[in-house]
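Subject: Structure handover

Hello,

Here is the structure for your files. My notes on the sheet, the pocket and the salt bridges follow below.

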Amino acid sequence: MSAGGRSLRDLVTHNFGLKLTSLFVAIAPFSMVRGAEDAQRSVFVDVAVALPAETDARILVSDVPARVRLTLRGSRSQVNAIRPEELTVTMDLTDTSLQYYYFAEDDFDVPASVQLSQIAPASVPLRWAERIERSLPIRPQLSRELPEGLVLLEVPRLEPATMSVVGPRSSLRDVDELLTAPVDLSTLREGERALRVPLAPAPERCRFGSEEPVTVTLRVDIERRERSFEDVPVVTLGGEPENGARRAELRVTPTEVVVRVSGPVALVEAADPEAFQVEADLTGADEGTKVPLRALGVPTGVDVVSIEPPAVSVEGR
């Protein structure tokens, strides 16, 4: 087949190696020129901070940037080869008399062939305040409600009950107490429970003397209620008195009393007043004596708080 009749494939593959070499020779100078061209690149660099000692009388109260932006100029290949994570800078703020911190070019490990044309921000204003330490009481932050029918028997106990906190005077001036993180009462059941609870976040720019959680102890019991039953009848029992008088010839006063009981709400509310009686045992009793009273018909789980009066007088008929 003549050259004019060659296929497209023959035209491409004929002397393919020579053609590929020629293409590389043509591109290589272009790449070298391209890599040597001036380029500009912006990168963000993380900022670390060296603060004054915790015993220093002053504390930093202004914000410092988490990152700074560097504008770099140089050959494209060198600028693109820079890794921002390797350029971390540390602000030395151990001198509390500084009013500004200025970033310098030599703070950053940039290759000598690369120009650092801009740092943003170039400086940071600094504000300082008096550092103080206070010991403050801790109060548990109770959230939600106890399950129905349960109550707290006493004020929650905390260990420790106080915590030291360090920070600027302006942040602690009006703080009278520290709070725990919320304690969910809805998860509690009857009995005593000791919970390890962290403190709520410290006031702005302050820190606690300890990061350990506090122990909050709560005592939970069934909700109890008191109820009075009036006009409860007094019943008598017993044998012959020592003076030979017949029991039937004795009577007691008063014949009705008030009984006050305490117990779980459901039991106290369900108690039937008609079921209550008070017993006076006249065995050995004589006219003019006092006989103590004992409540009868009290539901199981309910306690007698008082009987008023607690005793009756024995009288002859």
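**Sheet**

Strand S3 (residues 67-75) and S6 run antiparallel, joined by five bridges. Strands here are DSSP runs of E with at least two residues, numbered from the N terminus, and two strands pair if DSSP finds at least two bridges between them. This is a predicted model, in which local features need pLDDT of at least 70 and side-chain atom pairs count only at pLDDT 80 or more, while totals for chains, interfaces and linings use all residues. Residues are numbered from 1 along each chain as its sequence is written, and side-chain values use heavy atoms, with hydrogens and water left out.

Together, four strands make up an open sheet with mixed pairing, in the order S4-S1-S3-S6. Strand S4 (89-92) and strand S6 (115-120) are the edges; each has a single partner strand, so one side of each has no neighbour in the sheet. From one strand to the next the twist averages 30 degrees (axes are lines fitted to C-alpha atoms, and angles run from 0 to 180 degrees between N-to-C directions).

**Largest pocket**

The largest pocket holds about 290 Å³ of space. A pocket is an open set of points on a 1 Å grid over the protein atoms alone, where a 1.4 Å probe fits, with protein on both sides within 12 Å along at least five of seven lines; lining residues have an atom within 4 Å of a point. The volume is the space filled by probe spheres set on the points.

There are 13 lining residues, and those closest to the centre of the pocket are Leu51, Ile59, Leu60, Arg131 and Arg205. Strand S2 (residues 58-60) supplies the largest share of the lining, three residues. By type, the lining divides into seven nonpolar, one polar and five charged residues (Ala, Val, Leu, Ile, Met, Phe, Trp, Tyr, Cys and Pro count as nonpolar, Asp, Glu, Lys and Arg as charged, and the others, Gly among them, as polar).

**Salt bridges**

The whole structure has 16 salt bridges, each a side-chain nitrogen of Lys or Arg within 4 Å of a carboxyl oxygen of Asp or Glu.

One of them links arginine 157 and glutamate 192 (3.8 Å, N to O). Arginine 157 lies in strand S10 (residues 157-159) and glutamate 192 in strand S13 (residues 191-197), so the pair ties together parts that are 35 residues apart in sequence. Arginine 157 is partly exposed at 36% relative accessible area, whereas glutamate 192 is exposed at 54% (buried is under 20%, exposed over 50%, partly exposed in between, with a 1.4 Å probe and protein chains only). Both residues belong to a network of salt bridges that links Glu154, Arg157, Glu192 and Arg219.

Arginine 196 and glutamate 212 form another salt bridge (3.6 Å, N to O), and both are exposed. A further one joins arginine 83 and glutamate 86 (3.4 Å, N to O); arginine 83 is partly exposed, at 45% relative accessibility.

Regards
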